[in-house]
Each structure stands twice: as C-alpha cells, then as structure tokens.
Amino acid sequence: MLSSEKIMVCVYHGPNGERLIRRGGRLAALYQCPLFVLHVQTEQENNQISQDKSERILHWKTISEECHATFMTKTRGNHKVSDVIVDTAEQIQITQLIIGHPGMTRWQEIWNGSIVNELLKKIGEIDIHIIAFQEGRDR
C-alpha cells in the first residue's frame, strides 16, 4: 500500500549530498512514497558553475535516479534558501524533509542565523530530519 508521505531531501555543495539522498531513498522505499531532491543555488552559481560543482550535481542526479527520486534545482534569487525550501515543500505537499546539519560554529549561527532554526519557524506541519555528519566522514 502506498502511503500519503512525500519526502524531500535538500542538498548543497558539501560532501554529504550523496549520503542524504541515499538516506532519503531508504526512507522513501520504506514508506513506499515519492522522493524529491532539491538543490538551491544562487544566481551567480547558476551563471558561473565550476567544473567540480557541475560534476557533483550530475552525480546527485545519478544517485537520485537510482533512488527513483525527482531531482530539482532552483535558483534562490533574492530569497533566503529557507524560503525556497519551504515554498517548494508546500508546492509539492512534502510531509518529511531531510537536511544535513550545517556544521556552523555557534558564532556563525549568531552572526548569519541558522537555516535549521529558520526552517523550524516556517515549515509548519512537515517533519524535519536533520542528519548529523562526523568531520572527515562523507558516507
């Protein structure tokens, strides 16, 4: 029986995107539900993407296909990343969101704000899974 769940994984240019996508794939297989993978980029990244980032995005698309996920890239423009994530989640009626822990120091969180805190304030009824990573470990 298919569930009413819909899962979205958010990936960024760090080394942990594959692990997040695979984690989402396992969860989607368990729930027998759709999986979406979202990459949010800036306008500048859209226009001047490096070879390394381009290869990483291509790799994420391949892993997404293996996990039967729909891969999406959105450009944030003048919006915060958290706003793009929330808007996308609402548009496709996501019930569970998977993100990696940003690994910021406390001072960075105070100065720049925490995307986790922003999402918790804005996301509503969506469950958030925050995946912690050990430094130097990408799988």
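This is a predicted model: local features need pLDDT of at least 70, side-chain atom pairs count only at pLDDT 80 or more; totals for chains, interfaces and linings use all residues.
Local features are reported at pLDDT of at least 70 and side-chain atom pairs at pLDDT 80 or more, whereas totals for chains, interfaces and linings use all residues. Residues are numbered from 1 along each chain as its sequence is written, and side-chain values use heavy atoms, with hydrogens and water left out.

The secondary structure of the protein consists of six helices and five strands, taken as DSSP runs (helices H or I, at least four residues; strands E, at least two) and numbered from the N terminus. Along the sequence, these elements follow the order β-α-β-α-α-β-α-β-α-α-β. Of the 139 residues in the protein, 38% are buried (under 20% relative accessible area; exposed is over 50% and partly exposed in between, with a 1.4 Å probe and protein chains only). Among contacts (heavy atoms within 4.5 Å) between residues at least 6 apart in sequence, 81% join residues at least 24 apart.

Two packed helices are described by the angle between their axes and the distance between the axes. For helix 4 (81-91) and helix 6 (residues 115-122), the axes come within 9 Å and cross at roughly 40°; axes are lines fitted to C-alpha atoms over the stretch in contact, and angles run from 0 to 180 degrees between N-to-C directions. The two helices are therefore oblique to each other (angles under 35 degrees count as roughly parallel, over 145 as roughly antiparallel, 65 to 115 as roughly perpendicular and the rest as oblique). On the helix 4 side, V81, S82, D83, I85 and V86 meet I115, E118, L119 and K122 of helix 6. By class, this contact has five nonpolar, one polar and three charged residues (Ala, Val, Leu, Ile, Met, Phe, Trp, Tyr, Cys and Pro count as nonpolar, Asp, Glu, Lys and Arg as charged, and the others, Gly among them, as polar).

Q96 lies in strand 4 (residues 96-100) and is buried, because its relative accessibility is 3%. Beyond its neighbours within four places in sequence, Q96 has contacts that include E5, I7, L27, Y31 and H129. The side chain of Q96 also makes a polar contact with that of E5 at 2.9 Å (a pair of N or O atoms within 3.5 Å; within protein, one must be able to donate a hydrogen and the other to accept it, and residues adjacent in sequence count only if both atoms are side-chain atoms).

Most residues other than glycine have a negative phi. H68, not a glycine, has a positive phi of about 60°; H68 is in the loop between helix 3 (51-66) and strand 3 (69-75) and is exposed, at 72% relative accessible area. Q93, also not a glycine, has a positive phi of about 60°. Q93 is located in the loop between helix 4 and strand 4 and is exposed at 55% relative accessibility.
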